[in-house]
Amino acid sequence: MRKASRLFEIIQILRLARQPVTAAMIAERLEVTIRSIYRDIAALQAMRVPIEGGRGIGYILRPGFDLPPLMFSIEEMEAIVLSLALLERTGDDELKQAAKRVSSKIAGAVPQPWRQTFEANALHAWGFAAPSAGTIDLALVRRAIRDEEKLDLSYRDEAGRTTQRIIRPIALIYYAEAVNTVAWCELRQAIRNFRSDRIEDCQPTGLWFKGEGDRLRQIWVDGWETPAVAG
């Protein structure tokens, strides 16, 4: 680990700690010697980082210290690059555009050699991209999940029958071939999955299920052991 990254990690460890942290504990976590930690803490104190304490008692970071700009390791940067590439394979057009903006912002903000990771195009997410979600606006669904707003769906089942549903959306699952909206269906009075390619229309209702999202997601998680049920 580079020294600059190590100094940042020490600040992070102390910032999140609820009690004094010894040099030995920090050294074990960062996989360096205790002597290196003593030198690093002395360097941070010389830079006026408000670290208090000493050998044998541990160290604390005085409240109110502002962290330096966010830094990523090469491995963390590669994880970001690959994650953004994977978004290109979804059918969510708004998220694809957001991924491009994120990539540009980070590439313009990080120093070398991190910037090379973005510019080299050495990491790729292979496979066909999912088609656009078509009649359903996934951005609308994501907002409804965040705001806990009910949606009005026209949904076509496997047999081709179309029904009108009022749903309480709680999650989106991105598959290669489609996107599933996980929701509490008021018609079925149960959690159901609605495939994006079978949704003929989707509109906001102006009706809300405020405070219920977490409870419904827990019901969904508890039911993972049973087969998923389509709408």
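Analyst: Happy to! Let's start with a term: buried means under 20% relative accessible area, exposed over 50%, and partly exposed in between (1.4 Å probe, protein chains only). Both Y155 and F194 are buried. This is a predicted model, where local features need pLDDT of at least 70, side-chain atom pairs count only at pLDDT 80 or more, and totals for chains, interfaces and linings use all residues. Residues are numbered from 1 along each chain as its sequence is written, and side-chain values use heavy atoms, leaving out hydrogens and water.

User: Why is the pair of Y155 and F194 called edge-to-face?

Analyst: Rings of Phe, Tyr and Trp (its six-membered ring) pair if their centres lie within 6.5 Å; planes under 30 degrees apart count as stacked, over 60 as edge-to-face and the rest as tilted. The centres of Y155 and F194 are 4.9 Å apart and their planes stand at 90°, so the pair is edge-to-face. Y155 lies in strand β3 (residues 149-156) and F194 in strand β6 (residues 190-195), 39 residues apart. Strands here are DSSP runs (E, at least two residues), numbered from the N terminus.

User: How do you know that β3 and β7 pair?

Analyst: Two strands pair if DSSP finds at least two bridges between them. For β3 and β7 there are 6 bridges, and the strands run antiparallel. D152 stands opposite Q203 in β7.

User: What makes β6 and β7 edge strands?

Analyst: The open sheet has 5 strands in the order β6-β5-β4-β3-β7. Each of β6 and β7 (199-208) pairs on one side only.

Definitions and conventions:
Helices (H or I, at least four residues) and strands (E, at least two) are DSSP runs, numbered from the N terminus.
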